Amino acid sequence: MLILVVVVPIAMGLAALAVPSARYRPWLVPAGGVLHASLAVVILTTDLGQPMFASWLAIGALGRVLLGFVSAQFLVCSFYAPGYLALRPERSNRMFCAALLVLLGTMTLVVVSHHLGLMWVAVETSTLATAPLIYFNQNPRSLEATWKYLLIGSVGIALALFGSLFLAYAAVHAGLDSSLLFEDLVRDAPRLSKPWLHSAFVVLVVGYGTKIGLAPMHTWKPDAYGEAPGLVGALLAGGLTSCAFCALLRFVQICYAAGDGALARQLLLALGLVSMAVAAVFMARQRDYKRMLAYSSVEHMGIIAFGIGIGGLGTFGALLHLVNNGFAKGVMFLTAGNIHRAFGSKTTDGVSGAIRRVPASGGLFLAGFLAVTASPPFGLFLSELTILKAAFAGGHYWPAGVFVALLAIVFLGMASTVLGVVQGTPPAAASGRYRESVLVVAPPVVFLGLVLVLGLYVPDWLHRALVDAAAFVETAAAGGLRP
Amino acid sequence: MHPIFDPLLVLILLLNLFVLGSSRLRSVIGASALQGVALGMLTMTAHGELTLDVVLVALAAVAIKGIVIPRLLHKAMRDVAIEREVEPLIGFIPSLLAGALGTALAVIFSETLPLLPAHKGSLILPSSFATVLTGFIILTTRRKAITQVVGYLILENGIFIMGLALLDAMPFLVEVGVLLDLFVAIFVMGIIINHISREFRSTDVARLSSLKEE
């Protein structure tokens, strides 16, 4: 069963290459999304998700949260694809549709692989699948963005491999007959060679941190998100970066199990605050609203890292935030894509009065901004409050103070750009033929609904899954957690 | 350990320095190809006994790192008609010195880590660290896209050497998966380089500078 949820989207991606009709091909993407979601539901609600291939593929408490989230996020995004691609008939969508589905398959593989090496291969493949998505517009700017993404991403992932080898060395040095399965690494963690484990974790944080986009390894993000279509931005900022976080959390778990949770937490806490600070600086007076969203992604990845750095309730809050952020980014990137289409510009110099020109997208963009900056009653308010509560309860007064101050600065910086886009009168140049269709408006509406619902009440099953996942990451040292 | 194991590592370290000091792209690519072949031979000699898995990994390394990727890079070089890396961000002599310093630091760093008995007194870990560092220096100080790809390749070579130290622990499938991913990554980079040269009539990444904060 677990292999199906990986192979089916990839097979559909390859099938997309063979479909001759450019009009019907994009519908394979939502079809893949629906199929993947059905498989995910079966795995999450029944006991068909048994470990496979000598436990190389397995699904634990953390994987359950991520699988459900990735599937849901892709499902909603996928319905945007046909509507968006219908607006771009001049571009061949063959590679684009194929790459979207392959990306879904590889993201799923990251989540369900329980082998150190296999997970690395999955992360690397997901990076390669993303390159054609960023290059969709095939102009000099998207070329530059793709090059930077590929090079920085590849080097980051190479470092992640290096770190994985350090970890393997830690196991071999301790004389363990290690299978490099995460279960075994966690079980044997207390016996791993400490110097190698510590070096491994630092290198892994830099490596997977590049993929997550934590500052100062975030430099590919503004370019890639700025030039890629909004749909790709939504999937990268929501799904792919969350999968990279899942990868990093596997190593945080090993650190906890080895009794070195404090090292992991301090490092993530510091990186989280640095990311939020860098984002706050670059969001102030940012005229390009798509780059602004990229920095917002840096900020939110920082918030998640901060939450994990706090630990305990903070880790629970961070996982809840990961879900909330993925849905909120869906609203922002998809509506930003619509506004970009309507105005033909992605800076506040060429865009104003979006709420008049494209009322639905403009309104959703504004509402999404409130959600993303954690205004009540949206879900991000709840998750950030949880993290903050955990920080105070843990006695981290200074970091918590800086955290709040940075959130406020980000709010102000983002507000000026978003209001510039939404308010005012549309420039005369923006009266083109673009009209909002149901297919490009409904997905962000659904995303906004999800963020709103999560703010009003977190369903019991989700709450339990998140608590389990947080406990899974942190208390594995207690032993007996083999799935 | 095989008697030619350490001499091969010395060859790899010398090739690192050669790449750092050379401005001709043809010889830079050639040196990286030679390094790939040396890695294949290292794989064969890393173990007392030759199992089928080890031979296959060695052959795959020679084929991908020693033959296929260098040919791809040579082709890219001819297509975009450039022969030299000019104006690196830091000169060739300073990068050589940085490389030599990095090699020394790699030796010191690996002394501070607890090593397996088999790796004590061997060059395997210092050369891995030094090669990764060399890759980094090339990636950050060269301006031609092709040279940057060579830097990435050398970085991966360094990681591969570390992988050799763990040949027993790393399953065969993963080794091959890593090599395959490397190949696809460089293939995709090759396509992008081709587009860059068509768009900008140059592969100087300094021209890729329209995306930045104002």
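What share of the contacts in chain A with a separation of 6 or more do residues 24 or more positions apart account for? They account for 81%. Two residues are in contact if their C-beta atoms, placed from the backbone, lie within 7 Å.

## Model and numbering

This is a predicted model: local features need pLDDT of at least 70, side-chain atom pairs count only at pLDDT 80 or more, and totals for chains, interfaces and linings use all residues. Residues are numbered from 1 along each chain as its sequence is written, with chains lettered from A and ligands numbered from 1 in the order in which they are written.

## Chain A overall

Chain A has 20 helices and zero strands (DSSP runs numbered from the N terminus: helices are H or I, at least four residues; strands are E, at least two). The C-alpha trace spans about 70 × 55 × 40 Å along its principal axes.

Of the 483 residues of chain A, 66% count as buried (20 or more other C-beta atoms within 10 Å of the residue's own, C-beta atoms being placed from the backbone).

## Helix H14

H14(A) covers residues 313–343. Its end C-alpha atoms are 44 Å apart, which agrees with the 45 Å that its 31 residues should span at 1.5 Å a residue (1.5 Å times one less than the number of residues). Of those 31 residues, 28 are buried, so H14(A) is largely enclosed by the rest of the structure.

## Contact between the chains

In chain B, 34 residues are in contact with 36 residues of chain A. The largest share of this side of chain B comes from H7(B), with 13 residues.

Notes. Buried ≥ 20, exposed ≤ 12 C-beta atoms within 10 Å, placed from the backbone.
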